[in-house]
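Welcome, and please take a first look at the sequence and the 3D structure. The tour below goes through them step by step.

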Amino acid sequence: MADPPGCCHPCATCLLCLYSCQWITAKKEKKKVLHTTKCDCSWFIFLFCVFVFTLVWLYFAIILLNDFHNFNEFIFKQRKLWLDWSLVLLIATAMLIIYLSVLLVLALCLQLCGQPLKLHWLHKTLLILTALVVAAAFTGLEIKWAEEWRSARISLQATGPFLHIAVVGGMTILAWPLASFIYCTYNTGLKVVLLLVYSALMIALYLAPLGIASPCIMEENQLPPKPALVGHRGAPMLAPENTLMSLHKAVDCDVQVFETDIMVSADGVPFLMHDEELTRTTNVQAVFPERAALNSTAFNWTDLQQLDAGSWFLERKPFPTVQSLSAGDRYQATKQRIPSLEEVLEAIKQSSISIMFDLRPENHSDYQTFVNATLEVILQSGIPLQQVLWLPDGFRKQVKQQAPGIQQVYGRKRLQNEMEPLLHVNLPYQDMSFEEIRQYRQDNISVNLYVVNQPWLFSVLWCSGVTSVTTNACQVLKEMKHPIWLLPSSTYLMIWIVVDCTSFLAILWAFLLMKKCSRRRQPAESETDVLLTKINSLMQQ
(Lines give C-alpha, C1' and ligand atoms only; values in the text may rest on other atoms or scores of the structure.)
Protein backbone atom coordinates (compact mmCIF):
# COMPACT_ATOMS: atom_id res chain seq x y z
CA MET A 1 0.00 0.00 0.00
CA ALA A 2 1.40 3.34 -1.00
CA ASP A 3 1.36 6.08 1.56
CA PRO A 4 -0.17 9.37 0.58
CA PRO A 5 2.09 12.36 0.27
CA GLY A 6 3.01 13.86 3.65
CA CYS A 7 2.46 10.60 5.60
CA CYS A 8 5.67 8.67 6.23
CA HIS A 9 5.52 4.88 6.18
CA PRO A 10 6.77 4.39 9.79
CA CYS A 11 4.13 6.79 11.12
CA ALA A 12 1.34 5.12 9.18
CA THR A 13 2.54 1.70 10.33
CA CYS A 14 2.68 2.80 13.96
CA LEU A 15 -0.82 4.30 13.80
CA LEU A 16 -2.20 1.11 12.24
CA CYS A 17 -0.49 -0.96 14.90
CA LEU A 18 -2.10 0.98 17.75
CA TYR A 19 -5.54 0.96 16.14
CA SER A 20 -5.48 -2.58 14.70
CA CYS A 21 -2.89 -4.21 17.02
CA GLN A 22 -1.10 -5.45 13.90
CA TRP A 23 2.25 -4.59 12.29
CA ILE A 24 2.11 -4.00 8.53
CA THR A 25 5.44 -4.87 6.96
CA ALA A 26 6.55 -4.20 3.40
CA LYS A 27 6.37 -7.92 2.54
CA LYS A 28 2.81 -8.18 3.78
CA GLU A 29 1.82 -5.11 1.80
CA LYS A 30 2.99 -6.75 -1.40
CA LYS A 31 1.00 -9.90 -0.71
CA LYS A 32 -2.20 -8.29 0.45
CA VAL A 33 -3.70 -4.82 0.00
CA LEU A 34 -5.90 -3.78 2.92
CA HIS A 35 -8.99 -1.64 2.39
CA THR A 36 -11.53 -0.03 4.68
CA THR A 37 -14.72 -2.09 4.37
CA LYS A 38 -18.30 -1.11 5.17
CA CYS A 39 -17.96 -3.06 8.42
CA ASP A 40 -14.88 -1.01 9.33
CA CYS A 41 -16.81 2.21 8.64
CA SER A 42 -19.63 0.96 10.85
CA TRP A 43 -17.22 0.36 13.72
CA PHE A 44 -15.78 3.87 13.29
CA ILE A 45 -19.28 5.35 13.44
CA PHE A 46 -19.96 3.25 16.54
CA LEU A 47 -16.72 4.52 18.09
CA PHE A 48 -17.76 8.11 17.43
CA CYS A 49 -21.24 7.53 18.90
CA VAL A 50 -19.82 5.89 22.05
CA PHE A 51 -17.38 8.80 22.42
CA VAL A 52 -20.22 11.34 22.25
CA PHE A 53 -22.35 9.19 24.58
CA THR A 54 -19.56 9.05 27.16
CA LEU A 55 -18.84 12.75 26.74
CA VAL A 56 -22.48 13.48 27.58
CA TRP A 57 -22.13 11.32 30.70
CA LEU A 58 -19.01 13.28 31.71
CA TYR A 59 -21.07 16.45 31.44
CA PHE A 60 -23.72 14.89 33.68
CA ALA A 61 -21.05 13.78 36.15
CA ILE A 62 -19.78 17.34 36.46
CA ILE A 63 -23.33 18.63 36.97
CA LEU A 64 -23.93 15.97 39.63
CA LEU A 65 -21.11 17.39 41.75
CA ASN A 66 -23.49 20.02 43.12
CA ASP A 67 -25.67 17.34 44.72
CA PHE A 68 -23.22 14.49 45.22
CA HIS A 69 -22.99 14.92 48.99
CA ASN A 70 -26.61 13.72 49.14
CA PHE A 71 -25.59 10.58 47.25
CA ASN A 72 -22.72 9.96 49.68
CA GLU A 73 -25.16 10.26 52.59
CA PHE A 74 -27.57 7.87 50.88
CA ILE A 75 -24.86 5.23 50.40
CA PHE A 76 -23.82 5.61 54.05
CA LYS A 77 -27.38 5.02 55.25
CA GLN A 78 -27.61 1.89 53.11
CA ARG A 79 -24.11 0.41 53.59
CA LYS A 80 -22.65 2.28 56.58
CA LEU A 81 -19.67 3.06 54.34
CA TRP A 82 -18.45 6.61 53.81
CA LEU A 83 -16.54 7.45 50.64
CA ASP A 84 -16.45 10.43 48.33
CA TRP A 85 -18.00 8.60 45.38
CA SER A 86 -17.71 11.70 43.19
CA LEU A 87 -13.96 11.05 42.86
CA VAL A 88 -14.62 7.46 41.79
CA LEU A 89 -17.17 8.63 39.24
CA LEU A 90 -14.97 11.35 37.75
CA ILE A 91 -11.82 9.21 37.58
CA ALA A 92 -13.64 6.31 35.90
CA THR A 93 -15.37 8.61 33.41
CA ALA A 94 -12.13 10.46 32.63
CA MET A 95 -10.34 7.16 31.90
CA LEU A 96 -13.06 6.13 29.46
CA ILE A 97 -12.96 9.52 27.74
CA ILE A 98 -9.17 9.37 27.37
CA TYR A 99 -9.30 5.85 25.91
CA LEU A 100 -12.03 6.75 23.42
CA SER A 101 -10.28 10.00 22.49
CA VAL A 102 -7.06 8.13 21.68
CA LEU A 103 -8.93 5.66 19.49
CA LEU A 104 -10.78 8.45 17.73
CA VAL A 105 -7.60 10.45 17.05
CA LEU A 106 -5.88 7.32 15.74
CA ALA A 107 -8.79 6.63 13.39
CA LEU A 108 -8.82 10.18 12.07
CA CYS A 109 -5.06 10.16 11.52
CA LEU A 110 -5.26 6.83 9.71
CA GLN A 111 -8.00 8.22 7.45
CA LEU A 112 -5.91 11.29 6.62
CA CYS A 113 -2.93 9.01 5.89
CA GLY A 114 -4.97 6.79 3.62
CA GLN A 115 -4.64 3.73 5.86
CA PRO A 116 -7.39 1.13 6.51
CA LEU A 117 -9.52 1.41 9.66
CA LYS A 118 -9.18 -2.20 10.85
CA LEU A 119 -10.27 -1.94 14.48
CA HIS A 120 -8.91 -4.82 16.58
CA TRP A 121 -11.41 -7.19 18.26
CA LEU A 122 -10.11 -6.20 21.70
CA HIS A 123 -10.97 -2.55 21.04
CA LYS A 124 -14.38 -3.63 19.73
CA THR A 125 -15.06 -5.54 22.94
CA LEU A 126 -14.01 -2.60 25.10
CA LEU A 127 -16.20 -0.26 23.05
CA ILE A 128 -19.25 -2.45 23.62
CA LEU A 129 -18.48 -2.69 27.35
CA THR A 130 -18.06 1.10 27.56
CA ALA A 131 -21.41 1.67 25.88
CA LEU A 132 -23.08 -0.78 28.28
CA VAL A 133 -21.48 0.79 31.36
CA VAL A 134 -22.52 4.32 30.37
CA ALA A 135 -26.03 3.12 29.49
CA ALA A 136 -26.24 1.45 32.92
CA ALA A 137 -25.14 4.71 34.55
CA PHE A 138 -27.87 6.67 32.79
CA THR A 139 -30.43 3.99 33.70
CA GLY A 140 -29.42 4.14 37.36
CA LEU A 141 -29.70 7.93 37.25
CA GLU A 142 -33.23 7.66 35.89
CA ILE A 143 -34.30 5.11 38.52
CA LYS A 144 -32.66 6.51 41.66
CA TRP A 145 -31.98 10.19 40.96
CA ALA A 146 -34.48 11.35 38.34
CA GLU A 147 -34.48 14.96 39.58
CA GLU A 148 -30.96 15.36 38.20
CA TRP A 149 -32.43 15.47 34.70
CA ARG A 150 -33.95 18.80 35.71
CA SER A 151 -30.55 19.86 37.03
CA ALA A 152 -29.11 19.08 33.61
CA ARG A 153 -31.72 21.27 31.92
CA ILE A 154 -30.84 24.12 34.26
CA SER A 155 -27.15 23.61 33.54
CA LEU A 156 -27.80 23.98 29.82
CA GLN A 157 -29.05 27.48 30.53
CA ALA A 158 -25.65 28.22 32.06
CA THR A 159 -23.45 26.37 29.57
CA GLY A 160 -25.58 26.47 26.41
CA PRO A 161 -23.78 29.35 24.67
CA PHE A 162 -20.38 27.79 25.32
CA LEU A 163 -21.45 24.26 24.47
CA HIS A 164 -22.71 25.60 21.17
CA ILE A 165 -19.28 27.05 20.37
CA ALA A 166 -17.51 23.83 21.43
CA VAL A 167 -19.78 21.55 19.38
CA VAL A 168 -19.52 23.78 16.31
CA GLY A 169 -15.73 23.69 16.66
CA GLY A 170 -15.67 19.90 17.02
CA MET A 171 -17.91 19.35 14.00
CA THR A 172 -15.81 21.80 12.00
CA ILE A 173 -12.65 19.79 12.75
CA LEU A 174 -14.51 16.65 11.68
CA ALA A 175 -14.86 18.17 8.20
CA TRP A 176 -11.20 17.34 7.40
CA PRO A 177 -11.36 13.52 7.72
CA LEU A 178 -14.86 13.59 6.22
CA ALA A 179 -13.63 15.44 3.14
CA SER A 180 -10.67 13.06 2.87
CA PHE A 181 -12.98 10.04 2.99
CA ILE A 182 -15.44 11.49 0.47
CA TYR A 183 -12.74 12.24 -2.11
CA CYS A 184 -11.14 8.82 -1.62
CA THR A 185 -14.25 6.63 -1.88
CA TYR A 186 -15.95 5.68 -5.14
CA ASN A 187 -19.36 4.92 -3.60
CA THR A 188 -21.54 7.79 -4.81
CA GLY A 189 -24.51 6.86 -2.64
CA LEU A 190 -22.40 6.85 0.50
CA LYS A 191 -20.95 10.24 -0.42
CA VAL A 192 -24.40 11.77 -0.83
CA VAL A 193 -25.67 10.32 2.47
CA LEU A 194 -22.64 11.54 4.44
CA LEU A 195 -22.81 15.02 2.93
CA LEU A 196 -26.55 15.34 3.58
CA VAL A 197 -26.24 14.17 7.20
CA TYR A 198 -23.25 16.41 7.89
CA SER A 199 -24.91 19.42 6.23
CA ALA A 200 -28.12 18.91 8.20
CA LEU A 201 -26.20 18.68 11.48
CA MET A 202 -24.21 21.83 10.75
CA ILE A 203 -27.31 23.82 9.75
CA ALA A 204 -29.01 22.71 12.97
CA LEU A 205 -25.95 23.77 14.98
CA TYR A 206 -25.72 27.12 13.23
CA LEU A 207 -29.34 27.84 14.16
CA ALA A 208 -29.16 26.30 17.67
CA PRO A 209 -28.79 29.68 19.47
CA LEU A 210 -32.36 30.46 18.46
CA GLY A 211 -33.38 27.91 21.09
CA ILE A 212 -30.86 28.97 23.75
CA ALA A 213 -32.41 31.13 26.45
CA SER A 214 -30.21 31.89 29.42
CA PRO A 215 -31.10 34.28 32.26
CA CYS A 216 -27.50 35.55 32.15
CA ILE A 217 -27.97 36.99 28.66
CA MET A 218 -28.91 40.46 29.87
CA GLU A 219 -27.57 43.95 30.25
CA GLU A 220 -25.37 44.74 33.25
CA ASN A 221 -27.88 47.22 34.66
CA GLN A 222 -30.61 44.56 34.66
CA LEU A 223 -28.73 42.21 37.00
CA PRO A 224 -30.74 41.55 40.22
CA PRO A 225 -29.10 41.87 43.65
CA LYS A 226 -26.87 39.05 44.83
CA PRO A 227 -28.89 36.31 46.60
CA ALA A 228 -28.50 36.07 50.36
CA LEU A 229 -26.77 32.97 51.72
CA VAL A 230 -28.46 30.42 53.98
CA GLY A 231 -26.03 28.10 55.76
CA HIS A 232 -27.12 24.49 55.21
CA ARG A 233 -26.65 22.96 58.68
CA GLY A 234 -24.26 25.85 59.24
CA ALA A 235 -21.01 25.72 57.29
CA PRO A 236 -20.60 21.94 56.81
CA MET A 237 -17.49 22.30 54.63
CA LEU A 238 -15.66 24.10 57.44
CA ALA A 239 -17.04 22.44 60.59
CA PRO A 240 -19.11 19.43 61.69
CA GLU A 241 -22.70 20.00 60.57
CA ASN A 242 -25.37 21.12 63.04
CA THR A 243 -22.89 22.14 65.74
CA LEU A 244 -22.14 25.46 67.41
CA MET A 245 -18.81 25.54 65.56
CA SER A 246 -20.67 25.19 62.27
CA LEU A 247 -22.99 28.03 63.28
CA HIS A 248 -20.07 30.35 64.10
CA LYS A 249 -18.32 29.49 60.81
CA ALA A 250 -21.53 30.28 58.96
CA VAL A 251 -21.71 33.67 60.69
CA ASP A 252 -18.12 34.31 59.53
CA CYS A 253 -19.32 33.59 55.97
CA ASP A 254 -21.89 36.38 56.25
CA VAL A 255 -24.88 34.06 55.98
CA GLN A 256 -28.18 35.67 56.86
CA VAL A 257 -29.95 32.47 57.92
CA PHE A 258 -28.79 29.36 59.76
CA GLU A 259 -30.73 26.38 58.34
CA THR A 260 -30.86 23.31 60.56
CA ASP A 261 -32.87 20.27 61.62
CA ILE A 262 -34.44 19.74 65.04
CA MET A 263 -35.38 16.58 66.88
CA VAL A 264 -36.72 16.18 70.38
CA SER A 265 -35.12 13.82 72.89
CA ALA A 266 -37.02 11.20 74.85
CA ASP A 267 -37.19 13.58 77.83
CA GLY A 268 -38.47 16.53 75.77
CA VAL A 269 -35.31 18.53 74.92
CA PRO A 270 -35.14 19.87 71.33
CA PHE A 271 -31.68 19.37 69.80
CA LEU A 272 -29.97 19.67 66.42
CA MET A 273 -29.73 16.52 64.29
CA HIS A 274 -30.49 15.73 60.67
CA ASP A 275 -30.40 11.93 60.45
CA GLU A 276 -32.91 9.69 62.16
CA GLU A 277 -29.95 7.64 63.41
CA LEU A 278 -26.89 9.01 65.18
CA THR A 279 -24.33 6.76 63.48
CA ARG A 280 -23.15 9.15 60.75
CA THR A 281 -22.41 12.26 62.78
CA THR A 282 -21.57 10.93 66.26
CA ASN A 283 -19.64 8.12 67.98
CA VAL A 284 -22.82 6.43 69.21
CA GLN A 285 -21.53 3.03 68.07
CA ALA A 286 -18.64 3.32 70.52
CA VAL A 287 -20.61 4.78 73.45
CA PHE A 288 -23.93 2.93 73.07
CA PRO A 289 -23.22 0.05 70.65
CA GLU A 290 -26.39 -1.86 71.55
CA ARG A 291 -28.58 1.22 70.91
CA ALA A 292 -26.77 2.65 67.87
CA ALA A 293 -29.54 1.69 65.42
CA LEU A 294 -32.29 3.38 67.45
CA ASN A 295 -34.00 6.58 66.34
CA SER A 296 -32.35 9.76 67.60
CA THR A 297 -35.50 10.64 69.53
CA ALA A 298 -35.16 7.44 71.62
CA PHE A 299 -32.20 8.90 73.55
CA ASN A 300 -32.60 11.22 76.52
CA TRP A 301 -30.66 14.46 76.70
CA THR A 302 -28.14 13.11 79.24
CA ASP A 303 -27.18 10.30 76.83
CA LEU A 304 -26.93 12.67 73.89
CA GLN A 305 -24.56 14.94 75.79
CA GLN A 306 -22.08 12.06 76.13
CA LEU A 307 -21.65 11.76 72.36
CA ASP A 308 -18.81 13.25 70.31
CA ALA A 309 -20.36 15.14 67.38
CA GLY A 310 -17.14 16.38 65.76
CA SER A 311 -14.41 13.72 65.40
CA TRP A 312 -16.29 11.98 62.55
CA PHE A 313 -15.79 15.14 60.50
CA LEU A 314 -12.00 14.74 60.62
CA GLU A 315 -12.07 10.98 60.15
CA ARG A 316 -14.47 10.70 57.21
CA LYS A 317 -13.67 14.02 55.53
CA PRO A 318 -17.14 14.59 54.02
CA PHE A 319 -15.75 17.47 51.93
CA PRO A 320 -12.28 18.08 50.43
CA THR A 321 -12.06 21.33 52.42
CA VAL A 322 -11.45 19.33 55.61
CA GLN A 323 -7.86 18.79 54.43
CA SER A 324 -7.11 22.51 54.63
CA LEU A 325 -8.42 23.13 58.15
CA SER A 326 -6.02 24.78 60.59
CA ALA A 327 -4.75 22.96 63.68
CA GLY A 328 -6.98 25.15 65.84
CA ASP A 329 -10.09 24.29 63.82
CA ARG A 330 -9.23 20.59 63.97
CA TYR A 331 -8.91 20.72 67.72
CA GLN A 332 -12.15 22.68 68.05
CA ALA A 333 -13.95 20.13 65.87
CA THR A 334 -13.03 17.29 68.24
CA LYS A 335 -14.68 19.16 71.12
CA GLN A 336 -18.10 19.51 69.49
CA ARG A 337 -21.18 18.06 71.15
CA ILE A 338 -24.79 17.85 70.03
CA PRO A 339 -26.21 21.32 70.75
CA SER A 340 -29.66 21.91 72.15
CA LEU A 341 -32.02 24.34 70.46
CA GLU A 342 -31.77 26.59 73.52
CA GLU A 343 -27.98 26.89 73.10
CA VAL A 344 -28.33 27.65 69.42
CA LEU A 345 -30.96 30.33 69.94
CA GLU A 346 -28.74 32.03 72.51
CA ALA A 347 -25.84 32.09 70.00
CA ILE A 348 -28.15 33.38 67.25
CA LYS A 349 -29.36 36.25 69.45
CA GLN A 350 -25.75 37.38 69.79
CA SER A 351 -25.04 37.17 66.04
CA SER A 352 -28.28 38.76 64.75
CA ILE A 353 -28.89 36.17 62.03
CA SER A 354 -32.10 34.18 61.57
CA ILE A 355 -32.77 30.48 62.07
CA MET A 356 -34.81 28.26 59.75
CA PHE A 357 -35.45 24.65 60.65
CA ASP A 358 -37.24 21.41 59.89
CA LEU A 359 -38.72 19.39 62.75
CA ARG A 360 -38.06 15.67 62.36
CA PRO A 361 -39.30 13.01 62.02
CA GLU A 362 -42.60 14.19 60.54
CA ASN A 363 -44.27 10.77 60.78
CA HIS A 364 -43.57 10.30 64.50
CA SER A 365 -46.59 9.52 66.69
CA ASP A 366 -45.55 12.25 69.17
CA TYR A 367 -45.05 14.94 66.53
CA GLN A 368 -47.48 17.37 68.18
CA THR A 369 -45.50 17.01 71.42
CA PHE A 370 -42.34 17.83 69.44
CA VAL A 371 -44.01 20.98 68.05
CA ASN A 372 -45.09 22.08 71.52
CA ALA A 373 -41.63 21.48 73.04
CA THR A 374 -39.90 23.36 70.22
CA LEU A 375 -42.31 26.28 70.37
CA GLU A 376 -41.92 26.50 74.16
CA VAL A 377 -38.13 26.75 73.90
CA ILE A 378 -38.41 29.47 71.23
CA LEU A 379 -40.82 31.57 73.27
CA GLN A 380 -38.79 31.20 76.46
CA SER A 381 -35.48 32.07 74.75
CA GLY A 382 -36.40 35.73 74.26
CA ILE A 383 -35.24 35.71 70.63
CA PRO A 384 -37.11 38.20 68.41
CA LEU A 385 -39.71 36.06 66.65
CA GLN A 386 -39.02 37.67 63.28
CA GLN A 387 -35.63 35.91 63.40
CA VAL A 388 -37.35 32.51 63.44
CA LEU A 389 -38.40 30.96 60.12
CA TRP A 390 -40.78 28.04 60.64
CA LEU A 391 -40.68 25.28 57.97
CA PRO A 392 -42.73 22.33 59.38
CA ASP A 393 -46.21 21.98 57.90
CA GLY A 394 -47.59 19.93 60.78
CA PHE A 395 -49.73 21.96 63.22
CA ARG A 396 -48.86 25.21 61.46
CA LYS A 397 -52.17 26.81 62.48
CA GLN A 398 -51.37 26.17 66.12
CA VAL A 399 -47.96 27.79 65.72
CA LYS A 400 -49.53 30.86 64.08
CA GLN A 401 -51.95 31.25 66.96
CA GLN A 402 -49.37 30.85 69.75
CA ALA A 403 -46.55 32.78 68.08
CA PRO A 404 -47.92 35.02 65.29
CA GLY A 405 -44.60 36.83 64.99
CA ILE A 406 -42.77 33.76 63.65
CA GLN A 407 -42.19 33.92 59.89
CA GLN A 408 -43.93 31.07 58.11
CA VAL A 409 -41.94 29.45 55.27
CA TYR A 410 -43.71 27.05 52.91
CA GLY A 411 -42.16 24.12 51.09
CA ARG A 412 -44.50 24.43 48.13
CA LYS A 413 -45.52 26.80 45.39
CA ARG A 414 -48.51 29.09 45.82
CA LEU A 415 -51.93 27.81 44.86
CA GLN A 416 -54.43 29.50 42.57
CA ASN A 417 -57.03 29.79 45.34
CA GLU A 418 -54.55 30.67 48.08
CA MET A 419 -56.52 31.79 51.15
CA GLU A 420 -53.54 33.55 52.72
CA PRO A 421 -50.78 35.07 50.58
CA LEU A 422 -47.38 33.35 50.81
CA LEU A 423 -44.47 35.54 51.79
CA HIS A 424 -41.66 32.95 51.90
CA VAL A 425 -41.14 29.70 49.96
CA ASN A 426 -38.34 27.17 50.33
CA LEU A 427 -37.94 24.72 47.45
CA PRO A 428 -35.34 22.54 45.69
CA TYR A 429 -33.61 24.55 42.97
CA GLN A 430 -34.90 22.08 40.37
CA ASP A 431 -38.54 22.83 41.19
CA MET A 432 -38.77 26.44 40.02
CA SER A 433 -38.33 27.75 36.51
CA PHE A 434 -36.64 31.07 35.86
CA GLU A 435 -39.96 32.54 34.77
CA GLU A 436 -41.57 31.53 38.08
CA ILE A 437 -38.67 32.97 40.06
CA ARG A 438 -39.01 36.31 38.30
CA GLN A 439 -42.80 36.29 38.74
CA TYR A 440 -42.49 35.60 42.48
CA ARG A 441 -39.92 38.38 42.73
CA GLN A 442 -42.32 40.82 41.07
CA ASP A 443 -45.02 39.73 43.56
CA ASN A 444 -42.67 40.34 46.54
CA ILE A 445 -42.52 36.66 47.51
CA SER A 446 -39.19 35.64 49.02
CA VAL A 447 -37.79 32.54 47.24
CA ASN A 448 -35.09 30.38 48.84
CA LEU A 449 -33.74 27.48 46.78
CA TYR A 450 -31.63 24.57 48.04
CA VAL A 451 -28.98 23.15 47.95
CA VAL A 452 -26.73 25.35 45.78
CA ASN A 453 -22.99 24.67 46.02
CA GLN A 454 -21.46 25.24 42.59
CA PRO A 455 -20.66 28.77 41.34
CA TRP A 456 -22.22 28.09 37.92
CA LEU A 457 -25.56 27.25 39.53
CA PHE A 458 -25.35 30.20 41.91
CA SER A 459 -24.66 32.47 38.92
CA VAL A 460 -27.71 31.27 37.00
CA LEU A 461 -30.00 31.69 40.01
CA TRP A 462 -28.48 35.11 40.66
CA CYS A 463 -29.34 36.18 37.12
CA SER A 464 -32.84 34.76 37.59
CA GLY A 465 -33.47 36.97 40.60
CA VAL A 466 -33.78 34.41 43.42
CA THR A 467 -33.91 35.94 46.92
CA SER A 468 -31.59 33.50 48.69
CA VAL A 469 -29.97 30.07 48.36
CA THR A 470 -29.20 27.37 50.90
CA THR A 471 -25.61 26.22 50.49
CA ASN A 472 -22.89 23.99 51.91
CA ALA A 473 -20.23 26.20 50.32
CA CYS A 474 -20.87 29.58 51.94
CA GLN A 475 -17.12 30.31 51.98
CA VAL A 476 -17.04 29.99 48.16
CA LEU A 477 -20.23 31.86 47.28
CA LYS A 478 -19.38 34.63 49.72
CA GLU A 479 -16.40 35.61 47.56
CA MET A 480 -18.41 35.89 44.35
CA LYS A 481 -18.91 39.56 43.50
CA HIS A 482 -20.41 38.89 40.09
CA PRO A 483 -21.95 35.98 38.15
CA ILE A 484 -19.40 33.84 36.33
CA TRP A 485 -20.57 35.30 33.04
CA LEU A 486 -22.99 37.96 31.89
CA LEU A 487 -23.50 38.78 28.22
CA PRO A 488 -25.60 41.51 26.64
CA SER A 489 -27.82 40.08 23.92
CA SER A 490 -26.06 42.16 21.25
CA THR A 491 -22.66 40.72 22.26
CA TYR A 492 -23.98 37.17 22.18
CA LEU A 493 -25.49 37.77 18.73
CA MET A 494 -22.10 38.98 17.46
CA ILE A 495 -20.34 35.91 18.92
CA TRP A 496 -22.93 33.65 17.33
CA ILE A 497 -22.46 35.17 13.86
CA VAL A 498 -18.65 35.15 14.06
CA VAL A 499 -18.51 31.51 15.19
CA ASP A 500 -20.90 30.31 12.48
CA CYS A 501 -19.15 32.24 9.70
CA THR A 502 -15.70 31.09 10.82
CA SER A 503 -16.89 27.49 10.94
CA PHE A 504 -18.45 27.68 7.48
CA LEU A 505 -15.27 29.12 5.94
CA ALA A 506 -13.11 26.48 7.65
CA ILE A 507 -15.33 23.67 6.35
CA LEU A 508 -15.28 25.14 2.83
CA TRP A 509 -11.48 25.40 2.96
CA ALA A 510 -11.19 21.79 4.17
CA PHE A 511 -13.23 20.43 1.28
CA LEU A 512 -11.44 22.59 -1.32
CA LEU A 513 -8.00 21.60 0.00
CA MET A 514 -8.85 17.88 0.08
CA LYS A 515 -10.26 18.11 -3.43
CA LYS A 516 -7.02 19.69 -4.65
CA CYS A 517 -4.96 16.96 -2.96
CA SER A 518 -7.14 14.23 -4.49
CA ARG A 519 -6.62 15.68 -7.99
CA ARG A 520 -2.85 15.56 -7.51
CA ARG A 521 -3.06 11.84 -6.74
CA GLN A 522 -5.36 11.07 -9.67
CA PRO A 523 -2.65 11.23 -12.46
CA ALA A 524 -0.43 8.82 -10.56
CA GLU A 525 -3.36 6.49 -9.93
CA SER A 526 -4.38 6.70 -13.61
CA GLU A 527 -0.86 5.76 -14.80
CA THR A 528 -0.88 2.81 -12.41
CA ASP A 529 -4.27 1.65 -13.73
CA VAL A 530 -3.03 1.82 -17.35
CA LEU A 531 0.10 -0.16 -16.47
CA LEU A 532 -1.93 -2.82 -14.66
CA THR A 533 -4.30 -3.07 -17.64
CA LYS A 534 -1.38 -3.63 -20.07
CA ILE A 535 0.16 -6.27 -17.81
CA ASN A 536 -3.20 -8.06 -17.56
CA SER A 537 -3.59 -8.00 -21.38
CA LEU A 538 -0.11 -9.44 -21.92
CA MET A 539 -0.77 -12.24 -19.41
CA GLN A 540 -4.03 -13.15 -21.16
CA GLN A 541 -2.25 -13.30 -24.56
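Predicted model: local features only at pLDDT ≥ 70, side-chain atom pairs only at ≥ 80, totals over all residues.

Buried means under 20% relative accessible area, exposed means over 50%, and partly exposed is in between (1.4 Å probe, protein chains only). At 43% relative accessibility, Glu-276 therefore counts as partly exposed. Glu-276 sits in the loop that runs between strand S3 (270-272) and helix H11 (284-287); helices (H or I, at least four residues) and strands (E, at least two) are DSSP runs, numbered from the N terminus. The C-alpha atoms of Glu-276 and Ser-296 are separated by 5.5 Å, although these two are 20 residues apart along the chain.

Residues are numbered from 1 along each chain as its sequence is written, and side-chain values use heavy atoms, with hydrogens and water left out.

**What the record says**

In an unreviewed entry, the UniProt annotation "transmembrane region" covers residues 41-65, 85-109, 121-141, 161-185, 192-212 and 493-513. UniProt positions are given in the numbering used here, feature names are shortened, and annotations may be inferred rather than shown by experiment. Among these spans, residues 41-65 are 96% helix and 0% strand, with end C-alpha atoms 37 Å apart. Residues 85-109 are 100% helix and 0% strand, and their end C-alpha atoms lie 36 Å apart. The unreviewed UniProt entry also places the feature "domain: GP-PDE" at residues 227-481. Over residues 227-481 the chain is 35% helix and 16% strand, and the end C-alpha atoms are 11 Å apart.

**A helix to follow**

Among the buried residues of H5 are Ser-86, Leu-89, Thr-93, Ile-97 and Leu-100. Just after H5, Gly-114 takes a positive phi of about 75 degrees.

**Pockets and cavities**

On a 1 Å grid over the protein atoms alone, a cavity is a set of points where a 1.4 Å probe fits but cannot get out, and a pocket is an open set with protein on both sides within 12 Å along at least five of seven lines; lining residues have an atom within 4 Å of a point. Grid points are joined across faces, edges and corners, and a volume is the space filled by probe spheres set on the points.

The second largest pocket has a volume of about 940 Å³. Of its 30 lining residues, the closest to the centre are Val-52, Leu-55, Leu-163, Ala-166 and Val-167. Helix H3 (38-64), helix H5 (85-112) and helix H7 (148-173) each supply at least two residues of this lining, and the largest share, 13 residues, comes from H7.

A search of the whole structure finds 2 cavities of 30 Å³ or more.

| Space | Volume | Lining residues by class |
|---|---|---|
| Second largest pocket | about 940 Å³ | 23 nonpolar, 6 polar, 1 charged |
| Largest cavity | about 50 Å³ | 5 nonpolar, 3 polar, 2 charged |
| Second largest cavity | about 40 Å³ | 2 nonpolar, 6 polar, 1 charged |

Where does the second largest cavity lie? Domain 1 (8-27 + 35-119) and domain 2 (229-273 + 337-479) both give residues to its lining, so this cavity lies between them; the domain bounds come from an automatic or database domain assignment. Its lining includes His-69, His-232 and Val-451.

**Backbone details**

The peptide bond from Tyr-450 to Val-451 is cis, with omega near -20 degrees. Val-451 belongs to the loop between strand S8 (446-450) and helix H19 (455-464). Another cis peptide bond joins Arg-360 and Pro-361, with omega about -15 degrees.

Is Arg-233 buried or exposed? Arg-233 is buried, with a relative accessible area of 4%, and its phi is near 60 degrees, a positive value in a residue other than glycine. Lys-80, also not a glycine, has a positive phi of about 55 degrees, but Lys-80 is partly exposed, with a relative accessible area of 41%.

Key:
Nonpolar A, V, L, I, M, F, W, Y, C, P; charged D, E, K, R; others polar.
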